[in-house]
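Hi,

Here is the structure I said I would pass on.

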Amino acid sequence: MKKAFILLIGCLLITTCGQKTEKKTIEESEPGPKQWLTFNSGNAEAKHVVLISGDEEYRSEEALPQLAKILRGRHGFNCTVLFAQDPSNPGIINANYVENIPGLNILNSADLMIIFTRFRALPDEQMEIIDNYLKSGKPVIGIRTATHAFNFNVDSNSSYKHYSNGYEGDKKEWVDGFGRLVLGEKWISHHGHHKHQSTRGIIAETGKTHPLTNGIEDGDIWGPTDVYGVRLPLPGDSQPIILGEVTERKGAFDEEDLFYGMRPTDTIPATKNDKGVLLNDAMMPIAWTKTYQIPGGIEGRAFTTTIGAASDMMNESTRRLLVNSVFWSLDLKVPAKADVTIIGDFKPTAYEFRDDEYWLKKQLKVEGFN
């Protein structure tokens, strides 16, 4: 099978008028289905952000192309978006296929990795690229299920089993896997009642003067995805930026609704979840910073947020938090109030699991998100 690829070449065009030099970006591609998306700003010197989708539930395949469009169209970044695909059906997104994300080699030229995957078991040649990126100490942004981005079976012969969520093997530095070591936490629990209690963002004390909260006020961030549980305090030098207030729904549950009947006007704090766990006495962080360093690697910075599903991105301040995190991660000045206006036709679908038959019938093309 001939794999499609895209080669970005920065070339110089010299104009005779006034001896002006202009940089342009040329995109060349082999024939075949498009397996990843490239969003070029036209500035070959712009920072390159690689956004990796691949989760079965929260529609990262819908969220990340829109985020890339905003980063390119509103802020001049160059972006590449990658997707989970069955190698026997290239160019067709299959979120349930956990063993292949083509184009990961593009990370070799990335300035920033944004990862939004869930329980992936990628082949060694793909995991090696991610491992090398992390060893370089370049910045990482993890969204929602990235806390449990990878998971290998106990009998797997992968050389990267230590990336698994909840890892308990011989590599003691990697206890609890990629999520804990790099981002600050692995999968713990649904703290709020899934599909019934939403998330309202409250700025933490350590976030009130932090550039990550530029243009964001208490209560601005809202999402229909529930707050994730984390272990407090978070490890190392982790600094909470946004806390997640669990809020009760006012309206009735609606399975056909994008927000399952929840709304941003649901502002009554919840007292218990469906399991009887007390809520909001100590609010869980839903966004935090952390320094990471994997064994054999250089120290780098990470930003993690457990809000960010495609439906969460209908909220302006959720989008602003993500855009702010890109500037902060790259050590660039964060705008006072970043323009995060949606670009194009963004109509996300509700978060949910979908069976294999759905993806076979859907035949969702990568190029459809261009």
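**Starting with helix α4**

Helix α4 covers residues 316–329, and its 14 residues should span 20 Å at 1.5 Å a residue; the C-alpha atoms at its ends are 20 Å apart, so the two values agree. Keep in mind as you read that this is a predicted model.

Just after α4 comes Asp 331, which takes a positive phi of about 60°. Also have a look at Trp 328: Arg 301 lies over its face, at 4.1 Å from the ring centre.

**The nonpolar cores**

In soluble globular proteins, nonpolar side chains tend to be buried together. Here the largest nonpolar core has 65 residues, and the members that touch the most others are Leu 51, Leu 67, Ile 114 and Val 326. What does Leu 67 touch, leaving aside its neighbours within four places in sequence? Its contacts are Leu 51, Ile 114, Met 313, Leu 322 and Val 323. There is also a second, separate core of 34 residues, which includes Val 140, Tyr 292, Ile 294 and Ala 302.

Arg 144 lies in the loop between β8 and α3. With a relative accessible area of 1%, under the 20% cut-off, Arg 144 counts as buried. Its charged end sits over the ring of Tyr 228, 3.8 Å from the ring centre, and the side chains of Arg 144 and Tyr 228 are also joined by a polar contact of 3.4 Å. Setting aside neighbours within four places in sequence, Arg 144 is in contact with Tyr 58, Phe 116, His 190, Thr 225, Asp 226, Tyr 228, Thr 305 and Thr 306.

His 148 is also placed in the loop between β8 and α3. Is His 148 buried or exposed? Its relative accessibility is 3%, so it counts as buried. The side chain of His 148 makes a polar contact of 2.9 Å with the side chain of Thr 147. Again leaving aside neighbours within four places in sequence, His 148 is in contact with Thr 117, Arg 118, Phe 119, Asn 165, Trp 187 and Tyr 228. Tyr 228 therefore turns up in the contact lists of both Arg 144 and His 148.

**Aromatic rings**

How many aromatic pairs are there? The count comes to 13. A pair of aromatic rings is described by the distance of the centres and the angle of the planes. Take Tyr 163 and Trp 174: their pair is tilted, at 4.6 Å centre to centre and 35° between the planes. Both residues lie in the loop between β8 and α3, so this pair ties together parts that are 11 residues apart in sequence. Tyr 163 and Trp 174 are both buried.

Compare that with Tyr 358 and Trp 359, which form an edge-to-face pair, 5.0 Å centre to centre and with 90° between the planes. Tyr 358 is partly exposed, at 27% relative accessible area, whereas Trp 359 is buried, at 2%. Ring pairs also link Phe 150, Tyr 160, Tyr 163, Trp 174 and Phe 178 into a cluster.

Most residues other than glycine have a negative phi, and most peptide bonds are trans. Where does this model depart from that? The peptide bond from Leu 232 to Pro 233 is cis, with omega near -5°. You will find Pro 233 in the loop between β12 (228–229) and β13 (239–248).

Asp 176 is not a glycine, yet its phi is positive, near 80°. Asp 176 sits in the loop between β8 (140–143) and α3 (177–183), and is buried at a relative accessible area of 10%. Lys 195, not a glycine either, has a positive phi of about 70°. Look for Lys 195 in the loop between β9 (189–190) and β10 (197–203).

Happy browsing!

Conventions: Residues numbered from 1 in each chain as written. Heavy atoms only, no water. Core = buried A, V, L, I, M, F, W, Y, C linked by side-chain atoms within 4.5 Å. Buried < 20%, exposed > 50% of the residue type's maximum accessible area, 1.4 Å probe, protein only. Contact = heavy atoms within 4.5 Å. Helix = DSSP H or I, 4+ residues; strand = E, 2+ residues; numbered from the N terminus. Expected span 1.5 Å × (residues − 1). Phe/Tyr/Trp six-rings, centres within 6.5 Å; stacked < 30°, edge-to-face > 60°. Lys NZ or Arg CZ within 6 Å of the ring centre and 35° of its normal. Polar contact = N/O pair within 3.5 Å; in protein donor to acceptor, adjacent residues only side chain to side chain.
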